[in-house]
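Hi,

Here is the structure I promised to send over.

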Amino acid sequence: MDFPIFHIDFIGNRMLIAVDAILHVIINHAFAVGALPVVALLELSGIRREDARWDKLAYRLLKIIFIITTTLGALTGVGIWFSASLVNPAAIGSLIRVFFWGWFVEWIVFVSEVSLIMAYFLSWQTAGRSPEAKLKHLRLGIFLAVFSWITMAIIVAILGFMMDPGNWVTERTLMSGLFNPMYLPQLAFRTTLAMVMGGMTMICLIYLFTRHDLAFRTMVLRVISNWSGAWMLGLIVASIWYYQVIPNHMLANIPVAVTTQEYVSWNGRLKLLLIVGLFYVGRVLWLSVKRPGQVHGAKYLVSVLLLFAMLGQFERVREFIRKPFIIGNYMYANGIRVADYPLLQRDGILQHATYAGIREVTADNQISAGREVFEQTCTRCHTVNGVNSIRGQLKKMYGGKPWKSEVIAAYIENMHRARYFMPPFPGNKAELDALAIYLASLQKRAAAFNGAQINGIPKPDKISAATVYGTLPNLSITNGEHE
């Protein structure tokens, strides 16, 4: 409401963030948090065994980690900030205000992490000149692994807060936001999952890099398989703990989140596939512990791909089940705060939207006003013709029969009760009717919906001039001042 609406109709705002965020999380978990301890473990094994092969192998693995994390990892990390700021600036702004000092610390840790990985990688060749230098280099790798985990630990607190703020709703303190009910269980889950993913990813590369030395391959795989297997046991415990703290209304959203509304009846079968997939990964690890060097590399690769797919699906489900909120019990997915709803439903959202091009619904502008209401309330999640299109949803509901605006209006008015994951409609009755008329018009004419980046920003008026971020203007004041 306080910012111009950015919108890409063919892919949708939600998908824009999802693609970037999932790729970043996979890189972070598998290569940064999970793989760096494996490199340090290999370096330590080389020092203890006085065998240069371990050291050489660890360096080759680190080179891959260094390239991926400093290119794709860094790029997608910045991409999350960029896309989130465009798509839902109200949400990211609220999170920055709550977690300013947390993010401040996280950025210091992140800069330190980048410096450490550069120092760790670039000093590897010279560190072997003496045992003392090698031990110092190993400590550098351990610090790097710890700093990578701390970065994730801070971000996980914010992700947990977005699902369930807990006591922050009343206390409004940084510590109550950081230590929300979801934090420790989710941190335990992500830590163990990252270690398993990192271990399995490194096992795949080890299998490839040691193809000319099978005896050495057996030794290395035994060490890394035992490491990954121990974390796998921890992952099972952490998964159960995490599942138990998820609020009931979020659990109720899981069938739709996993399979979408169209295939919700498949939820049980997909859960079974998930369990079978985890069992497969555990089985491969068990065989690798018992008979290292005898497990075919294809099984390791399948295990890694399964873990990547499961993490991607987990992220998608986690994002969906917190609906209708983007910040639990504080802000709905449409970027509107729960506390603002009574005022908006009384006065209308167009009267309080800073960059709305229309302020009042009339008999002559119902379609245009409805389009404006759609832009303000629906485009965070829906497109007109693209991914998760509103036109496609209406086709499923009403088919080829004429779409009646009064029927659509009645549905929107009650959709939150019928489908809890949909936020309540935030506007007044006139805006509801206008939105329904606009949506009904899409049956015959559905032009691509462009955001402010193409349409431009409406000319400022007294309302936009009187709005300060985080507040609502007093419409009785006409001189541009605010309360």
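Lys 134 and Asp 55 form a salt bridge, with their closest N and O atoms 2.6 Å apart. By salt bridge I mean a side-chain nitrogen of Lys or Arg within 4 Å of a carboxyl oxygen of Asp or Glu. Lys 134 sits in helix 7 (residues 131-163) and Asp 55 in helix 3, so this pair ties together parts that are 79 residues apart in sequence. Helices here are DSSP runs (H or I, at least four residues), numbered from the N terminus.

Are these two buried or exposed? Lys 134 is buried, with a relative accessible area of 10%, and Asp 55 is buried too, at 19%. The cut-offs: buried is under 20% relative accessible area, exposed is over 50%, and partly exposed is in between (1.4 Å probe, protein chains only).

Before you read on, two notes on the ground rules. This is a predicted model, so local features need pLDDT of at least 70 and side-chain atom pairs count only at pLDDT 80 or more, while totals for chains, interfaces and linings use all residues. Residues are numbered from 1 along each chain as its sequence is written, and side-chain values use heavy atoms, with hydrogens and water left out.

**The other pairs**

The salt bridge count comes to 11. One of them joins Arg 53 to Asp 213, with the closest N and O atoms 2.8 Å apart. That pair links distant parts of the chain, 160 residues apart: Arg 53 is in helix 3 (residues 52-87), and Asp 213 is in the loop between helix 10 (183-209) and helix 11 (214-245). Arg 53 counts as partly exposed because its relative accessibility is 35%, and Asp 213 counts as partly exposed at 26%.

Arg 337 and Asp 340 also meet through their side chains in a salt bridge (2.9 Å, N to O), and both residues are buried. Then there is a network of salt bridges that links Arg 190, Glu 315, Arg 318, Glu 319 and Arg 322.

**A nonpolar patch**

On the surface, Ile 96, Phe 100, Trp 101, Phe 104, Val 105 and Ile 108 form a nonpolar patch with about 580 Å² of accessible area together. Patch residues have over 30% relative accessible area and no salt bridge, and nonpolar side chains (Val, Leu, Ile, Met, Phe, Trp, Tyr) are joined within 5 Å. Accessible areas come from the Shrake-Rupley method with a 1.4 Å probe.

Which helix gives the most to the patch? Helix 5 (residues 100-122) does, with 5 residues. Phe 104 is found in helix 5 and counts as partly exposed, at 42% relative accessibility.

Cheers

Technical notes:
Patches are made of residues with over 30% relative accessible area and no salt bridge: like charges are joined within 9 Å, nonpolar side chains (Val, Leu, Ile, Met, Phe, Trp, Tyr) within 5 Å. Helices (H or I, at least four residues) and strands (E, at least two) are DSSP runs, numbered from the N terminus.
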